[in-house]
Amino acid sequence: MKKLKEFTIQFVGLKTGRHQYDFQIGDAFFEHFEYEDFNHVAVKANLELEKKPNMLDLRFTINGSVNVNCDVTNEPFEQPVKNTLELVVKFGEEYNDENEELLILPHGEYQLEIQQYIYEAIVLAIPYKRVHPGVEDGTLESEVLDKLEELQPKEKETKKEEEDIDPRWNKLKNLLNDNK
């Protein structure tokens with residue numbers, strides 16, 4: 001994957017303490033990852049990096065919205081995005097990113113690429129099922145919703161079903177109720 005220069009943090013020259021970085025994430029960022037589930041992206045990513053003598057503490061805060069299509073009606077809508085991600089960076093013999101909360105960089109490394117962490121924080125903030133707010137509160141007018149309503153199975157009359165049941169089964173149900 002091609003590296004994005006603006007998402008590379010050179011931590012060697014930084015003083016010990018807290019440092020702030022702000023990033024504007026747009027459509028081009030997700031085109032880089034070849035991720036096509038979003039129609040439009042307007043997200044602000046804030047990184048608070050605390051440099052300590054032998055490690056780095058990173059805290060990502062993601063805020064904004066992405067335009068996605070509803071899973072029910074396929075209507076586009078703005079999905080709010082809010083997430084945080086914390087990462088500890090330590091130094092060791094070799095690169096290791098097997099643990100999602102701990103990254104080990106080889107000694108002598110002088111920069112950190114954070115584009116993957118921002119990408120994951122945004123994608124994981126999106127609900128698995130994307131439902132237009134108008135579908136949930138009933139205000140969305142859509143041909144798809146009308147057709148779904150039309151094709152929805154109708155409820156059968158429960159009284160008629162009870163009449164069709166053999167009365168011996170009712171006696172057996174009474175036995176179950178008596179044991180409680």
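Helix 2 contributes the most to the lining of the largest pocket, with six residues. The model described here is predicted. The pocket itself has a volume of about 500 Å³, and 23 residues line it. Tyr95, Asp97, Glu113, Gln116 and Tyr117 are the lining residues that lie nearest its centre. The elements that supply two or more lining residues are strand 5 (76-92), strand 6 (102-106), strand 7 (111-113) and helix 2 (115-125). In terms of residue class, the lining of the largest pocket comprises 11 nonpolar, six polar and six charged residues.

**Overall architecture**

The protein contains six helices and seven strands. Read from the N terminus, the order of elements is β-β-α-β-β-β-β-β-α-α-α-α-α. Of the 180 residues in the protein, 32% are buried. Among contacts between residues at least 6 apart in sequence, 57% join residues at least 24 apart. The protein exposes about 13100 Å², of which carbon and sulfur atoms supply 48%.

**Salt bridges**

Side chains of opposite charge can pair when their charged atoms come close. In this model the count comes to five salt bridges.

| Pair | N to O distance |
|---|---|
| Arg18 and Glu50 | 3.7 Å |
| Lys52 and Asp57 | 2.9 Å |
| Glu86 and Arg59 | 2.2 Å |

The side chains of Arg18 and Glu50 meet in a salt bridge. Arg18 belongs to strand 2 (residues 17-25) and Glu50 to strand 3 (residues 40-52), so this pair ties together parts that are 32 residues apart in sequence. Arg18 is exposed, its relative accessible area being 56%, whereas Glu50 is partly exposed, at 23%. The pair also belongs to a network of salt bridges that links Arg18, Glu48 and Glu50.

Lys52 forms a salt bridge with Asp57. Lys52 is partly exposed, with a relative accessible area of 29%.

A further salt bridge is formed by Glu86 and Arg59. Glu86 lies in strand 5 and Arg59 in strand 4 (residues 55-69), so the pair ties together parts that are 27 residues apart in sequence. Glu86 has a relative accessible area of 47% and is therefore classed as partly exposed; Arg59, at 34% relative accessibility, also counts as partly exposed. Strand 5, which holds Glu86, is one of the elements that give two or more residues to the lining of the largest pocket.

Note on methods:
Residues numbered from 1 in each chain as written. Predicted model: local features only at pLDDT ≥ 70, side-chain atom pairs only at ≥ 80, totals over all residues. Heavy atoms only, no water. 1 Å grid on protein atoms, 1.4 Å probe; cavity = no way out; pocket = protein on both sides within 12 Å on 5 of 7 lines; lining within 4 Å. Points joined across faces, edges and corners; volume = space filled by probe spheres on them. Helix = DSSP H or I, 4+ residues; strand = E, 2+ residues; numbered from the N terminus. Nonpolar A, V, L, I, M, F, W, Y, C, P; charged D, E, K, R; others polar. Buried < 20%, exposed > 50% of the residue type's maximum accessible area, 1.4 Å probe, protein only. Contact = heavy atoms within 4.5 Å. Areas by Shrake-Rupley, 256 points an atom, 1.4 Å probe, with all protein chains shown as cover. Salt bridge = Lys/Arg side-chain N within 4 Å of Asp/Glu carboxyl O.
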